[in-house]
Amino acid sequence: TWQMLAIYIVLAANLSEQQALKQACPSCYASQLCNCSSMGFDFIPPGLTAKITVLNLAHNGIKRIQSQDLQQAVNLRVLLLQSNKISSIDEDSFQSLAKLELLDLSNNSLAHLSPLWFGHLFSLQHLHLQGNSYRDLGQSSPFSSLRNLSSLHLGNPWFSVIRQGNFEGIEHLHKLWIDGSNLSQYEQGSLKSIKEINHMTINIRDGNIFSEIVRDLLHSVSWLEVTEIKLPVEKKSLVQNSTRPFRIQKLTFKEAFFTDQTLSQAIVLLKEITSLKELEAINCVLEGKGIWNTEEIARSGQSFVETIMIKKIMIQNFHLFFDLEGMESQINELKRLTIASSNVFMVPCNLARHFSSLLYLDFHDNLLVNKRLDETICKGSWPSLQTLNLSQNSLKSLEQTAKYIFRLPKLTNLDISQNNFGEIPDVCEWPENLKYLNLSSTQIPKVTTCIPPTLEVLDVSANNLKEFGLELPFLKELYLTRNQLKTLPGAAPIPNLVALSVRRNKLNSFSKEAFEGVQVGTVHLSVTECHRSLVVSLICVLVFLLILLLVAVGYKYHMVWYLRMTWAWLQAKRKPKRAPPKDICYDAFVSYSENDSDWVENTMVLELEQACPPFRLCLHKRDFVPGKWIVDNIIDSIEKSHKTLFVLSEHFVRSEWCKYELDFSHFRLFDENNDAAILVLLEPIQSNAIPKRFCKLRKIMNTNTYLEWPAGEEQQLMFWENLKEALKS
């Protein structure tokens, strides 16, 4: 009997916990996906069961994970605990989570990492530990049991030490991300235990440690991405006694800082990594004039890099930058070059002629103009070029642009979109093998025989075209989106067309010629073109609903009040901000809640107006001019008062601050002079209880001294003295 009773008690307790979980986090009930993020939990809610596979507890206030918290969630695959306040985890907290594949503990308060936490997570593939407060990974590896780990994120602004053995047990990683911005100690060989890393990102500022890490990663990393580094002036080899072949193929610098000297040295040292094929520099800064040690660079031999991508580089003295004379021998094997969003306005002809192997060139979003294009694409330059992107530059003449591009005999793909040509000539010279041309967003009003007949793909979207009647016998794809077309182009002049895009035009009729040779079943028209009346009706309904929504939002967020007060404020702005001293009629204008009128009229008014000398107070009940608009009454009263006295209380807040008419007093007053406000608190009130639209009053409550009405008689005497002094100041 006692055993049955025990079972009953356990079942009842579990049922009770599940009911509590249902109330605390409704999405957990009868669902495998349990989303409890941003719900204010300071502990893991009880009642988690085996049916849950995804548990999201991110952005709460959880401080500790205890042994029993996740004991029943044995089928959990994803556990998200990022952005809590976790500082303590019991050693066996994750013991039952053998099926867990993703664990996110980032942005918490973990001061150390314990290998016991991860000892039973045999299926774990993704582990996020970045953004905590640990300074190292311990004396051994916390990850030794994680044989299936695919991605690892770790480090933080306090992370300063990496030791040998810290990564023992990890053999293959798809992604390794380390925040080592303040890394000051790295034991050589620490990362060598990982045999293969597809992509590693490290935030590091110490250039010497960067060199040590590179030496350890030569045989394991395919793509190394480095952020915020300031390269050192170092001549020590990056490969030293390492044996070939190396594995690293791509190196990316983000937000890095270079000088002429460090960049020259880096070019020399990186040549030793014979496997390196691709270099990237994104959002980097170069402090220098291009005075590189070209003799040493030339002596160091040929570079193996085939692809260079430079984006948003900032050269602090760009106008003083040299033309890189002497670098010609280093570029003749380069295959792909991108320099985007970097203020490039020309390439010297002599340098351009040495890009003998370049197949792909991207200069989009720069400052190229037609006059400089003659130098950049001079005769004999870019002899092997097949693809050229000059979009988003400052080219103005399509005729001149075509004339210079004609000098590229092997060019097949050209993008000159988003240049403001405006006009298009009748005849242009183009490379004879040109197959792809992008002229979208170039403001051309029509298409002419300037368009080469050899094209297979043509994009003239987002222009001002009203018709399209070119004969392009080899064209396969035609993009005419966002023009002014009223009819489809004829099918006969473009017999090999496979894809046609005519969205967002003004099509209203279709001719028989437009479909000659094309099965109607293969023509796809948009809903707007097939059902115009339906679209118009839907637009009308949406506009009506939008108006209703704006009215509702305006009512809820007091938009009428804002407009009304803004108009009154603008009118008041034309007047002098303060009346001349001779026009001051009152010592203070009093703003208060009707619920507090008894204290104001029977206590404060009596005390101040019967003082010696007496103070003159302006009360809206007594002193406003009858028949005058209340806002004008308020403006006049404030301008004719030396001070404005606010009597604040919970009643004041709950009554929408003494009706909207009195709100203008705050609006006007705080625009002019915060020192003229005197705050009297009848009862304690939190500044965050004040409506958000009174941001300046909230600021005053946080920064200015205010008077608080005390309970004791002796303190009340002091209160009256302080108030009188404030009124006199």
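Tutor: Quick ground rules: residues are numbered from 1 along each chain as its sequence is written. This is a predicted model, where local features need pLDDT of at least 70, side-chain atom pairs count only at pLDDT 80 or more, totals for chains, interfaces and linings use all residues, and side-chain values use heavy atoms, leaving out hydrogens and water.

Student: What is the mean pLDDT of the chain?

Tutor: pLDDT is the predictor's confidence in each residue, from 0 to 100. Here the chain's mean is 85, and 83% of its residues reach 70 or more.

Student: What makes residues 1-15 stand apart?

Tutor: Their pLDDT stays under 50, and the model gives them zero contacts beyond four places in sequence. A contact means heavy atoms within 4.5 Å. Where pLDDT is low, the predicted coordinates should not be read in detail.

Student: Why is leucine 542 called exposed?

Tutor: Buried means under 20% relative accessible area, exposed means over 50%, and partly exposed is in between (1.4 Å probe, protein chains only). Leucine 542 has 55% relative accessibility, so it counts as exposed. You'll find leucine 542 in helix H9, residues 532-556. Helices (H or I, at least four residues) and strands (E, at least two) are DSSP runs, numbered from the N terminus.

Student: Which residues form the nonpolar patch on the surface?

Tutor: Val541, Leu542, Phe544, Leu545 and Leu548, with about 500 Å² of accessible area together. Such areas come from the Shrake-Rupley method with a 1.4 Å probe, and for residues only the protein chains shown count as cover. Patch members have over 30% relative accessible area and no salt bridge; nonpolar side chains (Val, Leu, Ile, Met, Phe, Trp, Tyr) are joined within 5 Å, like charges within 9 Å.

Student: Why is helix H13 called largely enclosed?

Tutor: Eight of the 10 residues of H13 (residues 630-639) are buried, so the rest of the structure largely encloses this helix. Among them are Val631, Ile635 and Ser637. Serine 637 has a relative accessible area of 7%, so it counts as buried. Beyond its neighbours within four places in sequence, serine 637 is in contact with Phe589, Cys618 and Phe624.

Student: What makes S29 and S32 edge strands?

Tutor: Two strands pair if DSSP finds at least two bridges between them. Five strands form an open parallel sheet in the order S29-S28-S30-S31-S32. Strands S29 (617-618) and S32 (707-708) each pair on one side only. Two bridges join S31 to S32, so they count as a pair. In S32, leucine 707 is the bridge partner of valine 680.

Methods:
Salt bridge = Lys/Arg side-chain N within 4 Å of Asp/Glu carboxyl O.
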